[in-house]
Structure formats: structure tokens, C-alpha cells
Amino acid sequence: MQFFQTLSIQSRLLLLVIAPVFALSCSFLLFDFQEQLQRDEEKLSQHALTTAKFLSAVVHNQSELHGRPYIDRLLKASQLDREPYLSLMITDADNRPLAQLGASFIVNESLPQQETMVMQQATHDVTMVRIFTSESKHALLGFVFVAIDKAAMIEDHRQAFIRNIGYITLGLMLCSVLVYWVSRSISQPIRELTAALKRFVVGNQHISQVKNTLPEINSLQTTINEISREMQHVEADMRHRIQDAQAQLRYQARHDALTGLVNRQELERRLQQALEDVKQHRANHVFCYMDLDQFRVINDTCGHPAGDEMLRQISMILSQRIRAEDTFARLGGDEFGLLLSYCQVEKAIEIAVQLRQMVEAFRFMHEGRLFQTGISIGIVEVTADLKDVGQITRHADAACYVAKDNGRNQIHLFHPEDDVLLKRHVEMEWVLRINEAIEHNDFVLYCQGIFPMQQKELPPFYEILIRKRDEHGGIIPPAEFLPSAERYQLMTKIDRWVIQHAFMALQPLFKSQSTTRPFIVSINLSGMSLGDPTLLPYIQKCFSNYEISPSHVCFEVTETSAIINIDNTIKLITELKAMGTRFMLDDFGSGMSSFSYLKHLPVDFLKMDGAYVKDITINKVDLAMAKAIQSVAESMGIQTIAEYVEDQATLDCLEEMGVAYAQGFYLNRPAPLSEALSRHFSANNTLQKSTASSASATTDVSA
Ligand SMILES: Nc1nc2c(ncn2[C@@H]2O[C@H](COP(=O)(O)OP(=O)(O)OP(=O)(O)O)[C@@H](O)[C@H]2O)c(=O)[nH]1
């Protein structure tokens, strides 16, 4: 059964049709062979007996044998000569042959006394009849023997049987060809369909097949052809949709959804091409940065959708004046960019004037009210000395700022001094934002661990770092706002905010858990705070308000700011140290006269400037500097801290040198204060490498 299941349709049909027919035919022939043989044998026996008796009667009626010629004629008349299996012999009383017909045979047995008898004689059945005289003495005249040659008869039947088997085999072979042809007409289309379906599976939807004469296969093929056609339609449809979607995505990626103008990314790409063109072929291109004047008035009085409508209308009007080879883009909000290709500055100014006039002449109607606006345009020529696209847009932005500053609805060609003006403007904006952040508590405290290397049982430090939250919940790094804060004397405010909020956050922890896993927080003080005489009482008040032990706090002062305010700094350090607070000299080694001032500053720790630590394993001078700092600190009983530790080799080198503490991305990255401290209480905070959980932090610039 198992074997049968593995056979193909063709093999199964051949097996089912040919094998039984062959077996049946052979059985039938065999049966027929035996029947025929038996019938012939009986018929011949009967014939032999009748013939023998006939001859014996004839001979008997003649009373004597009339010589050989008579007997021969008699024999001829017996019709035996037509029968191939019979032979006949007449003998005299002494069994000497008198006449013979057919094959010769010898009766060599002693003859029985019966008058008629059938004897088995080798391959012959011999019928014997005694011939007597008809007179009363009843004397024996002779014998008539009729023999059946059974061997010859069997041989003839056997050959006939073999011939018949041959005919049957031939017939079956023809039949096999027919069966093969029929089965092939079934299996072939199935094979073709299977192959087509396999191609279909790997993505070729063209599975149409030639028509087949078998109705069942035909119906299957028709169905599959229909599926194929349907799939081809679906595929073509899908391909079109995908192409449409891709085209739409490509369009959306390059265009502004509100106005349909090119967007900032596309404009920057074209600006890049223009810059390369200028550098390679000295082409003339001009870029204009345009900003609508007092646009927020429309938004505020008519609502955002009306503002959108106005932006759409102005975009449409200005587009009409812009040449096909130019790029007019919306950069966001009410800002537009215009790249004038192959255009001289004079011509660009002319175009800008026309655009400004068009905006001036435009009236926006909303709910029966008419609004008028202006546009400020900054122009910058794309020249080969410009570094990149960023510089082109910054210059254009600066020129536009000057145009606004000149009273709005103006055109201004970029001048290098404009950058300074813009920078100042940005800084002024930061002043506003920092004051707002202090008021609304929009700063966030982060911290980074500082771990002991020599005496691992010592408590770690956590340096408090400041970040600002933006309007979208993102985090702004301190490098963005601290320079402005320093320039506009906001650092004392920021330092106080940090001290107060760090103490507020740490108060419950110091109360409950500081004894189980002690740690020290390290807070940066700016140069401006060091010069502020009211800082000391402020810190003292915070210690008492938040019940923080001064021994849990360390203040970091930079070498340069300490030097500038040396007297105040020494006073502050001395007073706070008397209460138990520790001090750390930050960025040590960055100033020219670091060592000479060190002996005047009673600090507990020295933080080596990261610039030496970073390349300590590859730069011999840095290594020598670090060793010198370590050696001086050791001789003064001051412990050292190395920042910017970024790999194991640096860590090993510092440990071997005797540096007491290490800080850096290799150990841990800055993380929100609460997150870092909960890690402190849940983990073993001796020296350990940074983990993925702290990867959220950004590049650090200490506050
Ligand atoms: N309707 C609408 N307003 C937007 C969109 N994007 C930004 N704005 C608003 O556009 C205004 C841009 O104002 P600014 O360019 O900063 O200032 P202004 O009022 O135009 O004043 P000046 O530029 O100083 O002349 C802000 O009120 C934004 O809220 C926008 O897609 N649709």
C-alpha cells in the first residue's frame, strides 16, 4: 500500500489496467489449454478405438488377410492419414508387422489376451484389437494397433498456448501505450499546472495554460487561469497604487503641505547644488530669506486657519512672479526662501523689491475685514568662500533680521556685521527664556557619578548638571544657553536655582538612606557666584532649610573663575569648609598658572582637565601633565579626580598612577537625578562600567 501511494498517475493506471488483464488472460489460456488437451485426447481415443474396430471387422469379414496391397489400401481408406497424432499398425498372429500408417512404433510388451485393449506405451496410448478367423476354429489372424502420439499433441497445444501468450502480450503492450497516452493527457497538464503554480508562488503571476481536452482538467485550468488573471489585475492595480503612493511620498518629502511650495529640505538640497556650481563654475546665484511682518497679528485676531489661508494666498501671488528656474520654498511658519539661479545681485534686489511690493499691495479679507502685511527680505549672494548651506541660510537669516530691525517691510543685502547683530539678538532671546525657565522651573537636574578607584569603599560623588526642557518636552543641553547666561549675568540666578532644587530633591534621601549607602553631591559654582557676597548666607540658609548636612555636599569651582575672584573664593571656601563642606577645583591644568595658585586655595579635590585625560594612553605629554598634577596633589594631600574616562585602558592607567576618583562615559553617562540615585540605592556603586540604561543622556557640558 505504501508502495502504491508513491506511484504517479501513469504508473497507477498501468498497474491497475495491465497487470489484472495480463493475469486474467494467462489464467484463462492455461485453463483453456488443459480443457482443449483433455477434449482432444478423448476425441482421439474414441477415434482410435472406432478405427481399430473398423479395421478389425473389415479384416475379419475377409476371413483372411489378402496380402499387403489389400491391407495398404484398407489403411488408406481408414482416414487415419488425416490425423497427425494417430498411427496404425497391423501385425500377424506372431506380431510381425504387415502394414503401417503414420509414425512407427513398437509394441514390445507381452500382449494381453483381451480382444480389445488400451495400453500405455511411453508417450503413446495404444489401442489394440485382436483379429480372429470367422470360422469355428476361431484362429488368431493378427492384431490391429492404433496409437495416439500424446507428446506431439501436447507439444502442439503448448506451442499454441505460447503463441497466444505472445498475442496477449502484444495486445497488452498496445494497450499500455494507449493507457500511457491517456494517463499522460491527465498527468501532463497537472504537472504543467504545478510548475505554473510554483512560478506563481515565487512572484510570476502569468500562469495561463493551453486548453486541455479533459473536462475536469480543463475546468481546473480555467479556474486557475481566472485566478491568474485576477491576480495580474490585482498586481497591476497594486503596482499602480504603490507607484502613486511613492510619487506622492516623494512629492510630500519635497513639498510643503500647506502651500504646495518646495520645503526646507529640498531648498537646502538645491542650495547645496548651487554652492557647488559656484565653486566649480563660478556661477552667480542669490538666496533671499523672507519673513512676513507681524504675521502673528492675523493668527491672534482671526485664528490659525485664517493665518493658513493668508499664507496660501501670499504663496500663490508670489509664485506668479518667480521664474521657472528659481526655487521658491516655504521654510516654516511665515518664512520663505527664494533661490534665484544664475542671477546677479542687482537683479535679485530688483526682484525682491517687486515681491515686497506685491505683498504690500495684497489685501487679505477675513469675515469682512481687510488686512495688509509687509515682508522683510534678507539677500545673500552665494559665493565660493561660503563654507556650507548652513552658512548661506544663517547669513540670509541675519540679513532678514537686520531688515526687520530697520523697521520691517525692508530689503537688506547681507553684510558681515549682520551676523554679530543676529547673534546678539539670539542671546537676548535666551535671556528672556532663561528668566522664564527660572520662574516656571523649566530646568531639569541631571547627574553623573564619580567613583573611587583606590579605596573602593569610599562613597561616590554625583555631579549635578543642568539641562533645559523645550516647548515640546525635549531636552536642551547647557552649551546652548549657558554662554548667554554668562554674558548677561544670569549665572548667579542659575546657581541658586540648582542649589535650591538639588537640596529639595536630595532632602528625603539624605534623611532616610544616606547612612545605608552614603554619597556626596557635587554642585558647580560659576565665577560670578564666587564674586557674589550674598552667596554664602544663601547656601547656609539652604543647608538649614532643607536640613542637609554640609558634609554631604561638595562645591566645584573652576580654576579660572577661582583665580579671578581669588579673595572671595578663599573666604567662601574657608567658611563652608569650616561647616564640613568640601571643595573641588574643576578643570585643573587648563590655566597657565594653575600650580602657583593651588597653594592658596584650600580645596579637598582636584579635577584634572579632561583634555589631558582623554588621550592619556596615546599622548606622552598629556600623560606627563597628568602625572605632574597627580604628584603635586599627592604632596599637598589633595585627592585627584579624572574626568573624560572613555575606555578601560585610560581607567587602568589612571588607577596605576594613583588617581583617587574617575568620571566619564565609560563608567556612566549623565542621567536624570532621580534615576541615577535610584540606581545608586539599588546597585553596588563602586567602580562600574556604564550600562544601557544611561544611554539617554546627551553630550555633557557641565553646569
Ligand atoms: N497660521 C499659521 N501660523 C503659523 C504656522 N507656523 C507658525 N505660525 C505662526 O506664525 C507666527 C510667526 O511669527 P513671527 O515670524 O515670529 O513673528 P511675526 O508676528 O511675523 O513678527 P515679525 O516676524 O517680527 O515681523 C507665530 O505666531 C506662529 O505661531 C502655520 O503653519 N500656520
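Tutor: Quick ground rules: the model is predicted, so local features need pLDDT of at least 70 and side-chain atom pairs count only at pLDDT 80 or more, while totals for chains, interfaces and linings use all residues. Residues are numbered from 1 along each chain as its sequence is written, and side-chain values use heavy atoms, with hydrogens and water left out.

Student: What makes H7 oblique to H8?

Tutor: H7 (residues 295-302) and H8 (residues 304-321) pack at about 140°, axes 6 Å apart. Under 35 degrees is roughly parallel, over 145 roughly antiparallel, 65 to 115 roughly perpendicular, and the rest oblique. So H7 is oblique to H8.

Student: Which residues of H7 make that contact?

Tutor: Phe295, Ile298, Asn299 and Cys302. Contact means heavy atoms within 4.5 Å.

Student: Why is H10 called roughly perpendicular to H11?

Tutor: H10 (residues 389-405) and H11 (residues 417-440) pack at about 80°, with axes 8 Å apart. That angle puts the pair in the perpendicular class, so H10 is roughly perpendicular to H11.

Student: How many charged residues are in the contact of H10 with H11?

Tutor: There are 4, alongside 6 nonpolar and 2 polar. Asp, Glu, Lys and Arg count as charged; Ala, Val, Leu, Ile, Met, Phe, Trp, Tyr, Cys and Pro as nonpolar; the others, Gly among them, as polar.

Student: What share of the protein chain is buried?

Tutor: 44% of the 703 residues, where buried means under 20% relative accessible area (1.4 Å probe, protein chains only).

Conventions:
Buried < 20%, exposed > 50% of the residue type's maximum accessible area, 1.4 Å probe, protein only. Axes fitted to C-alpha atoms, helices over the stretch in contact; angles between N-to-C directions. Helix = DSSP H or I, 4+ residues; strand = E, 2+ residues; numbered from the N terminus.
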